[in-house]
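Trainee: I would like to learn how to read a structure like this one. Could we go through it feature by feature?

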Amino acid sequence: MTLSAPLPNGLPSGRSSARLPKIHLDKSHVGRLEALASAMMRRAPEIGERLMDEIARAKLVAPEKLRADIVTIGSEVTYRDLGTDRLVTVVVVYPEDADIDRQRISVVTPIGVALVGLSVGAKISWIARDAETRQLEVVSVAPPVTD
């Protein structure tokens, strides 16, 4: 890895003093997330690697013990883009359920990888598809709606 290569959080590796926020993942999703990350290695290796790194550093939690303010699959998340101060609300979903017109973003997009596992108040840097590094802060999380 070169000094300019991004870490999973989108920060250049030369900024090792930057602390990553703690993340928690619903352990019932980990197998599928790992499979998606592996599949992404062929199409978009930077996203696949970031997702694998996030899984590796996450605290895995039983679904019934996952706090309601943690971003997981199906969560509605409002975050603030700290560069523009704009609030954005999205639902993090698996790729087959993604629909940008309905603000449903895939967990295997740069923003999806950045958001999954974060809690309210957490801040993280991420690299957008336009290669611009951005920083966000999670403002609110609504847990997934169960049928």
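Trainee: In which loop is the place of Gln 103?

Mentor: This is a predicted model, and in it Gln 103 sits in the loop between E4 and strand E5 (104-106).

Trainee: What is the value of phi at Gln 103?

Mentor: First the general idea: most residues other than glycine have a negative phi. Gln 103 is not a glycine, yet its phi is positive, at about 60 degrees. Its relative accessibility is 41%, so Gln 103 counts as partly exposed.

Trainee: Where is Asp 85, and what is its phi near?

Mentor: Asp 85 is placed in the loop between E3 and E4. Its phi is near 65 degrees, again a positive value in a residue other than glycine.

Trainee: Is Asp 85 buried or exposed?

Mentor: Asp 85 has 52% relative accessibility and therefore counts as exposed, since the cut-off for that is over 50%.

Trainee: How many helices and strands does the protein chain have?

Mentor: The protein chain has three helices and seven strands. Read from the N terminus, its elements follow the order β-α-α-β-β-β-β-α-β-β.

Trainee: At what angle do helix H1 and helix H2 pack?

Mentor: Helix H1 (residues 30-43) and helix H2 (residues 45-57) pack at about 155 degrees, and their axes are 6 Å apart. Angles over 145 degrees count as roughly antiparallel, so H1 and H2 are roughly antiparallel to each other. The crossing in which H1 passes H2 is left-handed.

Trainee: Which residues in H1 meet H2?

Mentor: On the H1 side they are Val 30, Leu 33, Glu 34, Ala 37, Ser 38, Met 40, Met 41 and Arg 43. On the H2 side they meet Pro 45, Ile 47, Gly 48, Glu 49, Leu 51, Met 52 and Ile 55. By type, the residues of this contact are 10 nonpolar, two polar and three charged.

Trainee: Which residues of the largest nonpolar core touch the most other members?

Mentor: The general idea is that nonpolar side chains tend to be buried together in soluble globular proteins. Here the largest nonpolar core has 36 residues, of which Val 92, Val 107, Leu 115 and Leu 136 touch the most other members. At least two residues of this core come from each of H1, H2, strand E3 (76-81), strand E4 (86-93), helix H3 (110-115), strand E6 (123-127) and strand E7 (133-142). H1 supplies the largest share, five residues.

Trainee: What does Val 92 touch?

Mentor: Leaving out residues up to four places away in sequence, the residues that Val 92 touches include Val 71, Ile 73, Val 77, Ile 105, Val 107 and Leu 115.

Trainee: Is Ile 70 buried or exposed?

Mentor: Ile 70 has a relative accessible area of 2%, so Ile 70 is buried. Its place is the loop between strand E2 (59-61) and E3.

Trainee: How far apart are Ile 70 and His 24?

Mentor: Ile 70 and His 24 are 46 residues apart in sequence, and 7.0 Å apart in space from C-alpha to C-alpha. Beyond four places in sequence, Ile 70 touches His 24, Ser 75, Gly 117, Leu 118, Ser 119 and Val 141.

Note on methods
Residues are numbered from 1 along each chain as its sequence is written. This is a predicted model: local features need pLDDT of at least 70, side-chain atom pairs count only at pLDDT 80 or more; totals for chains, interfaces and linings use all residues. Side-chain values use heavy atoms; hydrogens and water are left out. Axes are lines fitted to C-alpha atoms, for helices over the stretch in contact, and angles run from 0 to 180 degrees between N-to-C directions. Helices (H or I, at least four residues) and strands (E, at least two) are DSSP runs, numbered from the N terminus. Angles under 35 degrees count as roughly parallel, over 145 as roughly antiparallel, 65 to 115 as roughly perpendicular and the rest as oblique. A crossing is left-handed if the near helix is turned anticlockwise from the far one by less than a right angle, and right-handed if clockwise. Contact means heavy atoms within 4.5 Å. Ala, Val, Leu, Ile, Met, Phe, Trp, Tyr, Cys and Pro count as nonpolar, Asp, Glu, Lys and Arg as charged, and the others, Gly among them, as polar. A nonpolar core is a set of buried Ala, Val, Leu, Ile, Met, Phe, Trp, Tyr and Cys residues joined through side-chain atoms within 4.5 Å. Buried means under 20% relative accessible area, exposed over 50%, partly exposed in between (1.4 Å probe, protein chains only).
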